[in-house]
Amino acid sequence: MSRHAIRRHSARRRPAWVGRLLVAVVTALAFGGGPAGAVDDDVLGDQGAAQAGQRQPHLIDLGANFDANLFDQQGNGWVLRGGPLPDAAVRRPSPALARARELGRKRIDRMAASCTLTEEQQRRLALAVESDARRFAREVEAVRTPYIGRQVDMNDQDGQKAWHAFQQDVAKCRDRLRNVFDEGSLFAAATTSVLDERQLACLAAENSARRSFHWRAMVLETVSKLDESLGLDQRQYDALVAELLAHEPPLRNDPLTLGRADSNMRRHLVLMVMAELDTKPLRAAVSERQWRVLSLQMNQGRALRSAIEAQGLLEETR
């Protein structure tokens, strides 16, 4: 065999044993090439870290969250603050008294702006506000005190149950805050006895005008939003607006509720009212295609009645 033939023969055979050698090396590296147990250690390490992460408690300080959810909560959501918090934050006094005083002062200021109160009338109303505010603060403190310094683990079932009970207690206090100066309060009784007939009539007219203003704003906002999906013409738009304005609901007339309600909740309130109206005028104002879309949205508003009532947007029926 010539030298060139030997060289060509070697070139043809070399890949076979080289390939087998490479397979052996790769196999060794994959299953035993590193330090003994290195791969298993990595896997166990990852599993251990995951288990440690699952065991890590997610602590919530209920005392701090009580004030945040009672006074700082927005819309229909809940504030969730982590913990534990420093002792100074845990033991800080409840702002219930200060917040009630603030709301009472705003009511007096609005009354003075609409019907011109004398200094003596303002003094007597301020005394009534102070009495109601102190009573409210005592009621809130009785509910809040067991939560001060109490931390729960939200990764634990008992902690989740405690958070649910906590939410119910905060919701009760929130409802009480809305009604602190309403019927049955000393402030409500003082208002009818301190103001004369002219002032009471002026105040009633001003409250009615404010409700109508808020309702009109809600209606225009909602019908404009409906126009995006319905494609209303001017006649249809005006007909829906007129029908809704003619059926004004008993809105709560205070900034604590109307001023803090989010746009979605305001629109659902309008849709809820629309769903309770006689459907003939509404159906006559829109096409069949538009009515199918509109009726679905009205049903959504009707289904959210409990959430709307929980927000305190409407006066309570007695």
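A polar contact is a pair of N or O atoms within 3.5 Å; within protein, one must be able to donate a hydrogen and the other to accept it, and residues adjacent in sequence count only if both atoms are side-chain atoms. This is a predicted model: local features need pLDDT of at least 70, side-chain atom pairs count only at pLDDT 80 or more, and totals for chains, interfaces and linings use all residues. Residues are numbered from 1 along each chain as its sequence is written, and side-chain values use heavy atoms, with hydrogens and water left out.

**Whole chain**

Show the cartoon. The protein has 15 helices and two strands; these are DSSP runs numbered from the N terminus, helices being H or I of at least four residues and strands E of at least two. Now colour by burial: buried means under 20% relative accessible area, exposed over 50%, partly exposed in between (1.4 Å probe, protein chains only). Of the 318 residues, 35% are buried. Contact here means heavy atoms within 4.5 Å. Among contacts with a separation of 6 or more, 81% join residues 24 or more positions apart.

**The largest core**

Select Phe66, Leu125, Phe187 and Leu195. Of the 35 residues in the largest nonpolar core, these touch the most other members. Such a core is a set of buried Ala, Val, Leu, Ile, Met, Phe, Trp, Tyr and Cys residues joined through side-chain atoms within 4.5 Å. Helix 3 (62-71), helix 5 (96-115), helix 6 (119-144), helix 7 (157-178) and helix 8 (186-194) each supply at least two of its residues. Helix 6 gives the largest share, seven residues.

Centre on Phe187. Beyond four places in sequence, Phe187 touches Arg107, Ile108, Met111, Leu125, Ala128, Val129, Asp132 and Phe181. Apart from this core lies another, of 31 residues, including Tyr237, Leu269, Leu271 and Val286.

Next, go to Gln121 in helix 6. Is Gln121 buried or exposed? Its relative accessibility is 10%, so Gln121 counts as buried. A polar atom of its side chain lies 3.1 Å from the backbone oxygen of Val194. Leaving aside neighbours within four places, Gln121 contacts Thr116, Val194, Leu195, Asp196 and Gln199.

Step to Thr116, in the loop between helix 5 and helix 6. Thr116 counts as exposed because its relative accessibility is 58%. Check the backbone: phi of Thr116 is near 55°, a positive value in a residue other than glycine.

**Helix 7**

Select helix 7 and look at its start. Asp156 caps the N-terminal end, with a side-chain oxygen 3.0 Å from the backbone nitrogen of Asp158. Buried residues of this helix include Trp163, Phe166, Val170 and Leu177. Turn to look down the axis of helix 7: its buried residues fall within an arc of 150°, so they line one face. That arc is taken from the directions from the helix axis to the C-beta atoms. On the other side, Gln157, Asp158, Lys161 and Lys172 are exposed.

**Glu243**

Finish at Glu243, in helix 10 (residues 234-245). At 19% relative accessibility, Glu243 counts as buried. Which residues does Glu243 contact, leaving aside neighbours within four places in sequence? They are Leu277, Pro281 and Leu282.
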